[in-house]
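These notebook entries record what I looked up, beginning with the chain as a whole and ending with its inner spaces.

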Amino acid sequence: DAVIPLHRPVTWGREVEYVTEALRSGQPASGPFVERFEQALAARLGCAHVIAVSSGTAALHLALLALGVGPGHKVLVPDLTFAATANAVIHCGAKPVFIDVEPDYWQMDPAQVEEYLARNQATYYRTVVMSVDLLGHPCDRKGLSELASRYGVAYLEDRAESLGAVVEGDPGISLACFSFNGNKVITAGGGGAIACRNDNLASDLRVLRDQGKDPHDPGGHLVVGYNYRMPDMMAALGLAQLEKLDQILYAKRQLASYYNECLTGLDLVMNLVRRPQMAPGVSPNWWLYTVLVPEEAMGRLLKAFAEAKIEVRRMFRPLSSLEAFADFPGGAIVESHRIYRRAICLPSGPGVTYADQNRVVEVLRRELKVA
């Protein structure tokens with residue numbers, strides 16, 4: 001049997017046409033597709049400004065810098081996320097503070113955020129709350145943004161994994177970052193973007209992205225900036241993918257629905273597999289369909305999936321457990337470690353077929369000894 005990939009992009013649109021056009025334009029690094037991609041994404045997000053950049057990490061780094069984050073600042077981040085979230089904080093010279101996740105949806109726990117803010121009132125002016133939409137399920141954006149507003153601290157969203165997810169009553173984007181890495185819901189072969197509503201902040205972000213260049217003086221540089229620009233060929237690929245986002249999301253939601261159907265018995269009757277939970281009013285983009293399995297079964301499941309040529313992945317290791325962040329201890333971290341020990345991400349790409357999913361479920365049933 002062929003390998004079933006964890007999450008491989010599909011090219012259902014004008015990817016070849018647009019990339020070829022960018023290549024033949026003679027300006028594959030700085031042509032018109034970047035602006036077209038920015039405008040299309042801004043329209044999709046309902047946001048005033050989108051600034052395309054070279055990676056999701058670059059987006060986080062620039063957004064933090066534009067907020068004035070630097071040495072002496074602390075940024076609250078969820079303990080259960082990819083290392084890039086904390087890396088961007090450290091790139092600014094600031095310190096990440098790891099916050100545990102809540103047990104149902106695995107997102108940053110607003111109660112623990114509030115507890116930290118209440119204990120550290122003297123440092124509000126040097127504090128930022130940075131949420132993450134883990135695995136494509138939106139965090140409590142409304143609750144966290146209201147907390148940040150009440151305590152007078154900045155709020156930044158890492159939406160690298162959640163493009164296309166929908167939340168009823170979503171307060172809209174103030175400042176959010178996206179990733180278009182090769183394994184995301186849509187890809188530009190890499191790249192990222194920052195979305196914001198503030199005109200002045202958008203101008204500052206563009207200056208920082210473009211080596212600090214003065215937009216009104218071709219030879220002038222206003223600040224020490226970065227070469228974080230997105231090449232035109234990447235934007236061409238990203239635009240073609242974005243045009244098919246609804247089709248991709250439909251395929252992924254059908255995939256999640258079929259997994260839910262297949263795993264109902266294991267979840268509800270035998271309590272061997274816990275399917276993903278959805279918060280009220282939330283429609284995830286199902287970036288990676290992730291289940292909880294018995295901790296003692298994890299080793300044999302990983303081995304069995306590898307032997308069956310099925311790509312799966314364990315949950316991100318909690319940041320507080322990583323050697324890279326040993327100098328930044330977290331608080332009372334419980335849930336992120338519990339989830340990590342049991343969570344496994346199943347093949348979730350829009351090109352995964354029902355037959356592929358049946359192979360995945362067959363391995364689960366066999367290794368968990370379900371007839």
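Entry 1, burial. I noted that 55% of the 371 residues of the chain count as buried, a residue being buried when its relative accessible area is under 20%. The model I consulted is predicted.

I compared the chain with the rule for a compact globule: 371 residues would give a radius of gyration near 21 Å, and the chain agrees because its value is 21 Å. Along the principal axes, I found that the C-alpha atoms fill a box of roughly 70 × 55 × 40 Å.

I listed 13 helices and 12 strands in the chain. Among contacts with a separation of 6 or more, 71% join residues 24 or more positions apart.

How many cavities of 30 Å³ or more does the structure hold? I found two.

The largest cavity contains about 160 Å³ of space. I counted 15 residues in its lining, and W106, L135, H137, P276 and Q277 lie nearest its centre. By class, this lining has 10 nonpolar, four polar and one charged residues.

The second largest cavity contains about 60 Å³. I noted that its lining includes R159, E161, F178, F180, K184 and N285. By class, that lining has six nonpolar, three polar and three charged residues.

Notes:
Residues are numbered from 1 along each chain as its sequence is written. This is a predicted model: local features need pLDDT of at least 70, side-chain atom pairs count only at pLDDT 80 or more; totals for chains, interfaces and linings use all residues. Side-chain values use heavy atoms; hydrogens and water are left out. On a 1 Å grid over the protein atoms alone, a cavity is a set of points where a 1.4 Å probe fits but cannot get out, and a pocket is an open set with protein on both sides within 12 Å along at least five of seven lines; lining residues have an atom within 4 Å of a point. Grid points are joined across faces, edges and corners, and a volume is the space filled by probe spheres set on the points. Ala, Val, Leu, Ile, Met, Phe, Trp, Tyr, Cys and Pro count as nonpolar, Asp, Glu, Lys and Arg as charged, and the others, Gly among them, as polar. Helices (H or I, at least four residues) and strands (E, at least two) are DSSP runs, numbered from the N terminus. The radius of gyration is taken over C-alpha atoms; the globule rule is 2.2 Å times the number of residues to the power 0.38. Buried means under 20% relative accessible area, exposed over 50%, partly exposed in between (1.4 Å probe, protein chains only). Contact means heavy atoms within 4.5 Å.
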